[in-house]
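The following exercises are intended to be worked with the sequence and the coordinates side by side. Each task is followed by a solution in steps.

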Amino acid sequence: MHYRTLGASGIEVSEVGFGAWVIGSDWWGDRTEEQAIEMVTHAVDQGVTFFDTGDVYGHGDSERLVGRALENVRDEITLGTKVGYDFYNNPQAGHGELPKDLSPEYLRTAVDRSLDR
């Protein structure tokens with residue numbers, strides 16, 4: 001695995017990252033929670049140190065599964081997530097886009113919930 005510094009942060013990450021949408025959503029096929037965790041664990045075993053997720057991926061499921069899978073190596077990886085689509089107050093209609101809420105109050109709440117997961 002090759003690594004590089006993330007911008008001017010001084011944080012070193014793997015050049016290959018793990019996009020965790022697939023483990024939080026059934027849009028690309030079914031998998032069990034155990035299989036999802038195995039996918040993340042396998043990525044770590046291959047040297048992946050950057051994981052990208054979002055609170056809207058499976059309405060929090062991706063963050064929760066990534067959190068479980070990375071619990072023992074949390075200090076060794078870099079984790080990025082995204083917030084802004086309000087799935088807490090709006091039902092998901094198929095693959096349709098959810099309304100965005102970028103107000104400071106909503107963003108604080110969404111980030112706190114992400115951190116809990």
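## Exercises on a predicted model

R4 has a relative accessibility of 51% and therefore counts as exposed, since the cut-off for that class is over 50%. The model in which this value was computed is a predicted one.

**Exercise 1. Identify the salt-bridge partner of R4 and state where the two residues lie.**

Step 1. The partner is E15: the closest N and O atoms of R4 and E15 are 2.9 Å apart.

Step 2. R4 belongs to strand β1 (residues 3-5), whereas E15 sits in the loop between β2 and β3. The two residues are 11 residues apart, and the pair links distant parts of the chain.

Step 3. E15 has a relative accessible area of 43% and is therefore partly exposed.

Step 4. The loop between β2 (12-14) and β3 (17-19) also holds V16. V16 is partly exposed, at 46% relative accessibility. Together with M1 and Y3, V16 makes a nonpolar surface patch of about 270 Å².

**Exercise 2. Determine which residues of α2 are buried, and how they are arranged around the axis.**

Step 1. Helix α2 runs over residues 33-45 and has 13 residues. From its first C-alpha to its last it reaches 18 Å, close to the 18 Å expected at 1.5 Å a residue.

Step 2. The cut-off for a buried residue is under 20% relative accessible area. The buried residues of α2 are A36, I37, V40 and A43. They cover an arc of only 120° around the axis, which puts them on the same side of α2.

Step 3. An α-helix has 3.6 residues a turn, so residues three or four places apart point the same way.

Step 4. The face of α2 turned away from the buried side carries the exposed residues E34, E38 and D45.

Step 5. The cover over the buried residues of α2 includes β3, α1 (21-24), β4 (50-52) and α3.

Step 6. After α2 comes G47, with a positive phi near 100°.

**Exercise 3. Is E63 buried or exposed, and what does E63 contact?**

Step 1. E63 is found in helix α3, which spans residues 61-70.

Step 2. At 5% relative accessibility, E63 counts as buried, because this value is under 20%.

Step 3. The buried residues of α3 are S62, E63, L65, V66, A69 and L70. Viewed down the axis of α3, they fall within an arc of 165°, so they line one face of the helix.

Step 4. Elements covering these buried residues include α1, α2, β4, β5 (78-80) and α4 (104-116).

Step 5. With neighbours within four places in sequence left aside, E63 is in contact with T53, G54, D55, T81, S114 and R117.

**Exercise 4. Trace the salt bridges formed by R64 with E33 and D61.**

Step 1. R64 and E33 form a salt bridge in which the closest N and O atoms are 2.9 Å apart. This pair joins helix α3, where R64 lies, to helix α2, where E33 lies, and the residues are 31 residues apart.

Step 2. R64 also meets D61 in a salt bridge, at 3.4 Å from N to O. R64 and D61 are 3 residues apart in helix α3 and are therefore separated by about one helical turn.

Step 3. E33 has 33% and is partly exposed. R64, at 29%, is partly exposed. D61, at 32%, is partly exposed.

Step 4. E33, D61, R64 and R68 are linked in a network of salt bridges. The structure holds 6 salt bridges.

Notes. Residues are numbered from 1 along each chain as its sequence is written. This is a predicted model: local features need pLDDT of at least 70, side-chain atom pairs count only at pLDDT 80 or more; totals for chains, interfaces and linings use all residues. Side-chain values use heavy atoms; hydrogens and water are left out. Helices (H or I, at least four residues) and strands (E, at least two) are DSSP runs, numbered from the N terminus. Buried means under 20% relative accessible area, exposed over 50%, partly exposed in between (1.4 Å probe, protein chains only). Contact means heavy atoms within 4.5 Å. Patches are made of residues with over 30% relative accessible area and no salt bridge: like charges are joined within 9 Å, nonpolar side chains (Val, Leu, Ile, Met, Phe, Trp, Tyr) within 5 Å. Accessible areas come from the Shrake-Rupley method with a 1.4 Å probe; for residues, only the protein chains shown count as cover. A salt bridge is a side-chain nitrogen of Lys or Arg within 4 Å of a carboxyl oxygen of Asp or Glu. The expected span of a helix is 1.5 Å times one less than its number of residues. The arc is that of the directions from the helix axis to the C-beta atoms.
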